[in-house]
Amino acid sequence: MKISTIKCFLLILFYCSGANGQSTSDEYWNASMKASKYYDDADYANAAASYKLLWETEYVDEIANHRLYAAAANCMIDNENAVKENLFKIVPIASKTDIRRVLVNYEIFNKYKQSEWWKDLDNQLNQRLSDLIAHHKNLSIYKFGRNIVYSAIRINPKGDTIANTQVTMIPDGTGWGDEAADLQSQVIFVYKSSDQDSMDHYNEVDSIVGSVFWNNIDTTGVIENDRVVDMHPFRNNEFFKTELAPFPRVYLPLSGPKNQSFKGSTHIMSNWGWYNNTETKCQTNYLGFSNRTYPIIGDIKCHKYQGSGDNTRHGVSTIEYYFNEEFGFTEMNYKTYDDDIIEFRIIDVVYKE
């Protein structure tokens with residue numbers, strides 16, 4: 001049973017962490033490619049063994065489609081226990097697409113569908129679907145009905161303020177791209193741009209990353225769960241350069257070792273003009289507590305981070321950001337690879353019913 005077309009697409013998403021916020025270790029990536037080759041060659045015994053070794057590499061987040069391939073490989077060699085183990089491992093990380101693949105699309109699993117364990121699997125996967133929908137509706141930070149307004153400033157290397165505007169973050173209570181998205185909850189970024197902004201910056205955006213990024217409304221994703229809080233940067237219009245710095249992220253618990261220092265990488269494969277086919281290697285360090293003052297909110301205690309991203313084509317961009325357990329990322333200050341300063345800061349919180 002060949003699934004190489006689907007697999008190729010999924011591996012691009014897996015490796016292209018600029019699209020989804022994930023990053024992979026070289027060890028994990030190499031091991032997954034080895035297992036994948038065995039699978040494509042229909043060497044299912046070695047594929048099953050290689051996928052088993054994959055879980056022993058240093059990587060925190062499971063990849064659902066890897067568990068699915070492992071289950072399929074073991075199915076082809078009639079190792080029912082391993083099939084069962086891998087399919088149940090999919091449950092806590094499955095998207096709606098993963099659930100459909102397991103329950104509907106993979107006919108090779110039909111021989112198990114009358115077993116008691118399959119009925120349990122079916123129930124757990126359907127409960128997972130309900131839980132995903134509920135999760136996006138019940139975030140505690142980026143919750144539906146609470147819109148956060150940021151000031152947005154860009155200063156060029158000469159010290160001239162070339163943008164002084166606002167961006168509003170609007171969580172909409174669903175998953176990014178699907179109400180049952182497995183990881184990212186959907187938010188809408190609204191950029192307040194004047195006609196003068198367009199005259200001053202449109203040509204720059206078009207010449208570097210393409211006119212598609214001049215868009216005053218952008219739908220994107222945030223991650224908020226019990227392990228991590230992560231957001232895509234404000235990266236439309238005159239703020240497009242933020243894509244080449246580390247994304248704002250914190251690991252939970254905030255006092256845990258994972259949160260103190262973390263690395264990752266983002267890969268831009270296409271649709272980003274001059275940024276295409278580049279990798280940004282990122283390093284972020286936690287610097288401790290910092291008292292900050294914001295309009296409307298007042299004085300609050302935040303957690304301070306500094307990050308650096310080294311892009312293979314454009315060099316180093318940095319970010320300093322602040323995180324609060326109630327309001328999320330309250331402030332993001334960038335120095336871009338070409339010495340622009342870009343600053344976002346909470347100035348208002350608007351509650352909607």
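The following questions and answers go through a predicted model. Its local features need pLDDT of at least 70, side-chain atom pairs count only at pLDDT 80 or more, and totals for chains, interfaces and linings use all residues. Residues are numbered from 1 along each chain as its sequence is written, and side-chain values use heavy atoms, with hydrogens and water left out.

Trainee: Which buried residues does helix α6 have?

Mentor: Helices (H or I, at least four residues) and strands (E, at least two) are DSSP runs, numbered from the N terminus. Buried means under 20% relative accessible area, exposed over 50%, partly exposed in between (1.4 Å probe, protein chains only). For α6, residues 80-90, the buried ones are A82, V83, N86, L87, F88 and I90.

Trainee: What covers the buried residues of α6?

Mentor: Look for contact, meaning heavy atoms within 4.5 Å. The cover includes α5 (64-76), α7 (96-105) and α8 (116-137).

Trainee: Is α6 roughly parallel or antiparallel to α8?

Mentor: Axes are lines fitted to C-alpha atoms, for helices over the stretch in contact, and angles run from 0 to 180 degrees between N-to-C directions. Here the packing angle is about 10°, with the axes 11 Å apart. Angles under 35 degrees count as roughly parallel, over 145 as roughly antiparallel, 65 to 115 as roughly perpendicular and the rest as oblique. Therefore α6 and α8 are roughly parallel.

Trainee: Which residues of α6 and α8 make the contact?

Mentor: Take each helix in turn. α6 supplies E80, V83, K84, L87 and F88. From α8 come W117, W118, D120, L121 and Q124.

Trainee: Is α7 roughly parallel or antiparallel to α8?

Mentor: Their axes come within 10 Å and cross at roughly 160°. K96, I99, V102 and L103 of α7 meet α8 residues that include W118, L121 and L125. The crossing angle therefore makes α7 and α8 roughly antiparallel.

Trainee: Which residues touch the most other members of the largest nonpolar core?

Mentor: A nonpolar core is a set of buried Ala, Val, Leu, Ile, Met, Phe, Trp, Tyr and Cys residues joined through side-chain atoms within 4.5 Å. The largest one has 42 residues. Touching the most other members are Y142, M231, F234, F329, M332 and F344.

Trainee: Is N276 buried or exposed?

Mentor: N276 sits in the loop between β7 (261-268) and β8 (278-294). Beyond its neighbours within four places in sequence, N276 is in contact with I268, M269, S270, N271 and R313. Its relative accessible area is 18%, so N276 counts as buried.

Trainee: Is D78 buried or exposed?

Mentor: D78 lies in the loop between α5 and α6. Its phi is near 60°, a positive value in a residue other than glycine. Relative accessibility is 59%, so D78 is exposed.

Trainee: How many disulfides does the structure hold?

Mentor: A disulfide is a pair of cysteine sulfur atoms within 2.5 Å. C282 is buried at 12% relative accessible area, and C302 is buried at 0%. The disulfide count is zero.
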